[in-house]
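Dear colleague,

Please find the structure below, followed by a short account of what was found in it.

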Amino acid sequence: MQPFEYNANPGRVVFGSGSIKKLPDEVKRLNKSKPLLLSTPQQADQVKALEPILRDASIEPAGLFSEATMHTPTHVTDKALEYTKECGADCVISFGGGSTIGLGKAISIRTGLDHICIPTTYAGSEMTPILGETAEGKKTTRSDPKILPGTVIYDVDFTMTLPASMSATSGVNAIAHAVEALYARNTNPIMTLLALEGTKALAESLPVIVNSPQDADARAKAQYGAWLCAMCLGSVGMALHHKLCHTLGGSFNLPHAETHTIVLPHALAYNAPKIPDAMKKLADVLPGSDGDAIKGLNVLLTKLEVKRGLKDFGMKEDDVDKAVEIAVGNPYWNPREIEKEPLRETIRRCWAGDEAKADL
Ligand code: NAD
């Protein structure tokens, strides 16, 4: 066994169908009484379900701010901060996916207010001390233990409304965190356990959800898997896959979860020659892999009926070379050195929507 270092992130998790009823107890546990609720405009109606639950326990929400949006723009954060002050909130509750949780983190790190998260996608931001923000079109990311939310309520009931296609891509986004944790420079045996269990839970449940979005058992299993994968993202460093998605998403305005879904098998194929142990472990938890992790991912993506090419989301063929230049010009750790030609072919395949092959 390789020597390792292990740090556990603090944080409290309340998991299970109906666990939203424990929200008032969680607010009181923090000695708070005036929570500010956060959501996107699309979930403004859904988040209102929290108000009667709080009021029934004599907690009057300080207010509701429903303008969370992708990439956590600082002008939205500034507006939310003003409202936070105005309404006298003493804690924030973010209800939604990574966009809303990002706003909760941005408010919490600036004000010191406690942050309770209620995730409704599988993206995993709730388990990380990472915050990406956009100012004047430029995205910057920082990591600080104080950014990590203190309480997370995973109530599967709120994931039932996540459309099948978004469930698929959001779930593969979660698997990507686990895949990169398996070969992270600072990985450790605990992360490996979480990564494999999380991948297995998602790879088994997502195809069921796509066929039958109201399957409560499959939804619960997916959320459990997403939690484990999120812990991987929050604990160890990511490599080529996440960097590529960041570059592609930021430079060509590509959607977050869909980009992760397309890139994952190709990024793994690029790294495959250098990570035989991770490839074997991953293959063992991917149904239909026949011992080949790339095949296992291809099988999964076929079952999920997701779009496979970045060109489907507006990326141009000329952008392939631009993406290579950006990725090469921005060095980072990866198990395999970044080589321009194989990387170009990796990105070209992502653009074209080819099946991934470990021949790079
Ligand atoms: P999202 O939060 O942008 O949500 C996408 C849309 O789906 C929104 O309109 C949202 O309101 C809606 N939605 C969410 N849950 C729903 C539900 N259950 N039913 C119906 N609609 C629902 O998407 P995301 O993929 O969760 O998050 C992506 C963002 O999060 C990106 O900006 C990404 O960079 C960030 N992120 C950050 C981290 C981190 O650690 N900092 C981790 C993962 C993602």
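Strands S4 (residues 91-96) and S5 (residues 114-119) pair in the parallel sense over 6 bridges; two strands pair if DSSP finds at least two bridges between them. Within this pair, Val-92 stands opposite His-115 in S5. Helices (H or I, at least four residues) and strands (E, at least two) are DSSP runs, numbered from the N terminus.

This is a predicted model, in which local features need pLDDT of at least 70 and side-chain atom pairs count only at pLDDT 80 or more, while totals for chains, interfaces and linings use all residues. Residues are numbered from 1 along each chain as its sequence is written, and side-chain values use heavy atoms, with hydrogens and water left out.

The open sheet has 6 strands, ordered S1-S8-S5-S4-S2-S3, with parallel pairing. Strands S1 (12-15) and S3 (63-65) are at the edges and have a single partner strand each, so one side of each lacks a neighbour in the sheet.

Helix H5 (residues 98-111) lies across S2, S3, S4 and S5 and runs at about 165 degrees to S4. Axes are lines fitted to C-alpha atoms, for helices over the stretch in contact (heavy atoms within 4.5 Å), and angles run from 0 to 180 degrees between N-to-C directions.

A search of the whole structure finds 0 disulfides, a disulfide being a pair of cysteine sulfur atoms within 2.5 Å. For Cys-91, the nearest cysteine sulfur, that of Cys-87, is 10 Å away. Cys-91 is buried, at a relative accessible area of 0%; buried means under 20% relative accessible area (1.4 Å probe, protein chains only).

Yours sincerely

How values were computed
Buried < 20%, exposed > 50% of the residue type's maximum accessible area, 1.4 Å probe, protein only.
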